[in-house]
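Please find below my notes on the model you sent.

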Amino acid sequence: MTSTNPKIFAQDLPTPEPETPCRPRQPYRFSTLCATVENPSQKDQYGSSSVPIYQTATFKGVNGQYDYTRSGNPTRSHLEHHLAKISSAAHAFVVSSGMAALDTILRMLKPGDEVIAGDDLYGGTNRILAYLKTHGGVTVHHVDTTKPDTLLPYINPEKTAMVLLESPTNPLLKIVDLARIAADIKERAPNAVIVVDNTMMSPYLQRPLEHGADIVYDSATKYLSGHHDLMAGVITCNRDDLAKQMGFIINAAGNALTPFDCFLLLRGSKTLAIRMDRQQATSMLVAQMLDRLGFKVHYPGLAEHPNRDVHERIADGYGAVLSFTTGDKALSERIVGATRLWGISVSFGCVNSLISMPCVMSHASIDPATRAARGLPEDLIRLCVGIEDPADLLDDLERALLEAGAITLTAGGDLHQRYVRTIPSEGTAISRAVQKLAFNESAGYTTECSEDREWFVSAPGKVILFGEHAVVHGVTAVAASVDLRCYGVTTPRHDGKVSVHFIDIDSFRQEWEVDDLPWNAVTPVRVGDFHPDTLDHKLVDAITTRALSPEVLAKPSARQACIAFLYMYMIMAHGGKRPSFNFSARATLPVGAGLGSSASFSVCAATALLLLYSRIQLPAQPAPTTDDHVHVSHGGRRAIPPALAEEVNRWAFVSEKILHGNPSGVDNSVAVFGGALSYTRPGFGTKAGMIPIQGFKSLKFLLTDSRVPRNTKQLVAGVAALKEQEPEFVNGLLGAIQDISDEAQRALADPQLSRQTLLSALSALIDENHGYLVKLGVSHPSLEAIRSKTASPQYALSTKLTGAGGGGCAVTLVPDDLSEFSLRELMAALSRDSFVPYLTSVGGSGLGILSPYNQPQLLATPPETPREGETGAGSVELLRDTFAGKATADLSAWADSLGRWLFV
């Protein structure tokens, strides 16, 4: 990229010959600027072609330019001028390390200031920010800076003093839109200083000052030096006021770079361009090889890398650092240990290639729970590509992958041998050669569970607050979770069978011999890969025709639930594992009432299977409170990291496709992430997708089940027909509902809106929305009866239908000042009219998993776990048995009493 799009700078070198009208001279390109060290204001008295080392502590005389090397040194001045020139900067400073550079910058903060920083940072950066947060009175917000909108809620015009960015990030190579974030910050907090760590790119490939940054710093230990024979940090900026502050701090603290290290860094920087050209060219070859083998590779040069278009807009190359995951930490350790040319070391940017595992090396200072919460995989391998011959590097890495068992040699369809990725064994006894066969062959697998533990999971239902029906026609819908939940329990069997117990579907039970399932119809989804966009209909048909009896096929709800469960059970199988267990599910949600009961079931089933197959791992137990460390309990909230939640959501959506054919994805997303979100369907010329509503306040609602069955497809078709007959009328209603959704989103996300004002606004919007739904013809006499009862003078509450209408549920907003007596009286009145009311909160937690750490010994763990047919004094009561027998009204309280739950 750099050779075809050279960057032109204002800091040009003096031209060797006079310009003439016939032959004007163009500004020098970057590599020329790098190689040519010229400072017109500091000519050497002897004409030295290399900048001398002024290895002195003091300078003689009075009122001279230099007096003490801590405050200034000619060798350092030459270096700083050179670095400013190649960085598009007016000022440059060099200090003793990259962290010293960041420390200098952060010393401009004062107690009470707020900092916004990324959530995928170098370990040292995270460490110093944590120190400032604890000891300096500075508030630090870690956000996903790859999504610029996530910063907006944290911007405070009065308090936000600094925004710390890094692109690409280390080590996941996430891309941050520096230009857009800089513009957003300057608009909302003009006094905030935007700081960018540019170490991963160097000035050769990226100059953030050109994209709105105020300060840029590099660990010059890396690419600028290039030889790992010195430690240094560089700070550049264009603002005189910031330069004055930082110059004072460096002089006062005495962390300026020594003259000899200045000489080494000046020498190294001359070859920056030529080194980087070789390094990133080889990096592309390495990334392509790993990607071709099937590993999950993080490198901006790959076509599918997230935000690649943003990177190409702000940078001139892809860099020479990449990372990849293997699916197994032990396998990653074997790969790292098997390399020869790739040196095992922290850091990067050297002429020699390096390999490391960030979670046990450069990022080990970040505690495991935080790493997990920020989506940093424990099996991640980082490669820092040097200038060795590309063929030698590729060969060494390939040999290491083979020796570690990550790849194997196999014959392709053209009978030529090639390397292919194998599947992590994860403790199974089968050999690597058999592992690949274990996907599609019955030989070599095990039906034993990898652990004798019962997993207990739960997920909330959902309610559509605004925009139902209209969402089908491109209008934004607002949905939120309810604290009525579906629960699922897995229990080991040890008898080669897998079984289900769907308690809410007439206590339906079914079991299958694992051997008898149609495994020859399975095309597994490998660990780390995503399920294709379309279902594997071959597998669906095989399950339907070969695994389900006529009795099951005659029960539509049970049939679809069985197909969804078996489909995920079979397609997730990997590494020879086919666990034998029972899955029981039940809910405090009314089933079939439009409250997302199928989606919450899908989330529970997907989570249970992902846990059993070890495709997801819970974060480590947080450190306990000690004299040196305070652990703040959040009731388990946000204990499940986003990456885990996203994996569950992808599989739950697969289940929803089986249950419903063409779901929107709203229901399962709410069931996983909780809270509230807005959803706009694609294909209508507006921005589509799901957006979480930040700062959503929990609200109390009364959900009333009309107990009237509804035909969703018929209701949706009716609205479509009305739109075709009376387009102007219906489009007017749809536009009005869009206005309601927009207003509701603004109100729900406004942190400064008083509770009373919010409830009053929502009440009015509920009444208005219901009126339009009546005009669309999707209400029902039962729903109007519920609405009439709740709106009577003694209650004066606002109610609307939710979901498809035509029956199902109505939702009533319960204000804070409604007395407990009036609420109970209303619920009794609705019950007398044969309706079923549920008092619930909206906007609570999403997916929940009962923590396996420090639980009471109710869980079946060895050696107490009874195998089939075994009993004895050592046996304990299984969760499954109590779970099935609990009254629905007592289920939630019992589940909460079992121990600490982890939530998204």
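The points below go through the residue and then the helix.

1. Basis. This is a predicted model, in which local features need pLDDT of at least 70 and side-chain atom pairs count only at pLDDT 80 or more, while totals for chains, interfaces and linings use all residues. Residues are numbered from 1 along each chain as its sequence is written, and side-chain values use heavy atoms, with hydrogens and water left out.

2. Gln 206, setting. Gln 206 sits in the loop that runs between helix H6 (202-205) and strand S6 (215-219). Helices (H or I, at least four residues) and strands (E, at least two) are DSSP runs, numbered from the N terminus. Its relative accessibility is 0%, so Gln 206 counts as buried (under 20% relative accessible area; exposed is over 50%, partly exposed in between; 1.4 Å probe, protein chains only).

3. Gln 206, surroundings. A polar atom of the Gln 206 side chain lies 2.8 Å from the backbone oxygen of Ser 167. Beyond neighbours within four places in sequence, the contacts of Gln 206 (heavy atoms within 4.5 Å) are Ser 167, Leu 178, Asn 198, Met 201, Ile 314 and Ala 315.

4. H21, faces. Which residues of H21 are buried? They are Leu 715, Val 719 and Leu 722. These cover an arc of only 60 degrees around the axis, which puts them on the same side of H21; the arc is that of the directions from the helix axis to the C-beta atoms. Helix H22 (727-749) and helix H23 (755-775) are included in what covers them. Lys 713, Gln 714, Glu 724 and Gln 725 are exposed on the other side of H21.

5. H21, N-terminal end. Asn 711 caps this end of H21, with a side-chain oxygen 3.0 Å from the backbone nitrogen of Gln 714.

Note on methods:
Polar contact = N/O pair within 3.5 Å; in protein donor to acceptor, adjacent residues only side chain to side chain.
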